[in-house]
Amino acid sequence: MAGETKLSNEISALIQDDMSDRIIETAKEIAIEFGIENLNVRKILQRLNITNRVFYNRFHNIDEVLEILYEDIVLKIRESIISKFEPDKDFFEQVIDIVANTLVMSYKLKTEFNNYVFENDSISDRNYLWWKGEIKKIIEFGKENNYLRDVDSDVMSYAIWCFIRGYNADAIGRKLSMEDAVNNFKYSFNVLLDGMRSK
């Protein structure tokens with residue numbers, strides 16, 4: 001507990017200002033231009049024409065900047081999911097649209113930060129648990145309204161998370177066009193959903 005307090009005091013002691021935002025934005029630009037693996041403090045300092053001290057008064061290291069970039073991507077992608085369904089529209093079409101929208105939203109962002117985002121998605125329990133929980137809510141809604149048969153919501157939410165994430169990673173890695181990725185994804189995800197339909 002004392003260690004956590006010390007760490008939070010260290011973080012709060014860092015400066016958070018317009019320069020912090022400029023450092024983060026510059027890091028993003030460099031990562032997009034040269035790839036995340038080529039991002040380092042020296043390149044940020046050169047581009048902004050600032051000193052080590054200016055950077056390290058705001059961040060402990062480059063990993064903190066990368067974590068902020070990752071969190072920003074995660075939050076933007078999360079905006080694509082909704083939890084309310086319109087009763088006069090087909091449940092399955094709405095689910096496919098939600099998931100396809102997530103794919104579209106994440107496609108450009110993840111293309112820019114491909115390896116870094118997928119590595120962090122794998123180790124970030126917080127992001128994984130958030131998505132699994134949101135997917136589970138949709139499954140539970142489908143079961144309660146007799147759209148879906150009585151499937152194990154925990155197992156299926158994990159399977160769907162893996163399907164979406166794996167498909168996204170492969171499509172981006174293979175550089176499929178977004179249109180092809182979305183069309184192929186809608187088709188295959190519809191087949192998966194069809195197996196969960198209430199009989």
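Author: The answers below set values against definitions. This is a predicted model, in which local features need pLDDT of at least 70, side-chain atom pairs count only at pLDDT 80 or more, and totals for chains, interfaces and linings use all residues. Residues are numbered from 1 along each chain as its sequence is written, and side-chain values use heavy atoms, with hydrogens and water left out.

Reader: Why are H9 and H10 called roughly antiparallel?

Author: Helix H9 (residues 153-173) and helix H10 (residues 178-194) pack at an angle of about 155°, with their axes 11 Å apart. Angles run from 0 to 180 degrees between N-to-C directions, along axes fitted to C-alpha atoms over the stretch in contact. Under 35 degrees counts as roughly parallel, over 145 as roughly antiparallel, 65 to 115 as roughly perpendicular and the rest as oblique. H9 and H10 are therefore roughly antiparallel to each other.

Reader: Which residues make the contact of H9 with H10?

Author: On H9 they are Ile160, Phe163, Ile164, Tyr167 and Ala171; on H10 they are Asp180, Ala181, Asn184, Phe185, Ser188, Phe189 and Leu192. Contact means heavy atoms within 4.5 Å.

Reader: What makes Phe91 and Phe92 an edge-to-face pair?

Author: Rings of Phe, Tyr and Trp (its six-membered ring) pair if their centres lie within 6.5 Å; planes under 30 degrees apart count as stacked, over 60 as edge-to-face and the rest as tilted. For Phe91 and Phe92 the values are 5.3 Å centre to centre and 80° between the planes, hence edge-to-face.

Reader: Why is the pair of Phe141 and Tyr147 called tilted?

Author: Their ring centres are 6.4 Å apart and their planes stand at 35°, so the pair is tilted. Ring pairs link Phe85, Phe91, Phe92, Phe141 and Tyr147 into a cluster.

Reader: How do you know whether Phe91 is buried or exposed?

Author: Buried means under 20% relative accessible area, exposed over 50%, and partly exposed in between (1.4 Å probe, protein chains only). Phe91 has 3% relative accessibility, so Phe91 counts as buried. Phe92, at 6%, also counts as buried.

Reader: Why is Phe141 called partly exposed?

Author: Phe141 has 28% relative accessibility and so counts as partly exposed. Tyr147, at 27%, counts as partly exposed too.

Reader: What makes Ser20 buried?

Author: Ser20 has a relative accessible area of 6% and is therefore buried. Ser20 is found in helix H2 (residues 18-34). Not counting residues up to four places away in sequence, Ser20 touches Ile15, Arg58 and Phe59.

Technical notes
Helix = DSSP H or I, 4+ residues; strand = E, 2+ residues; numbered from the N terminus.
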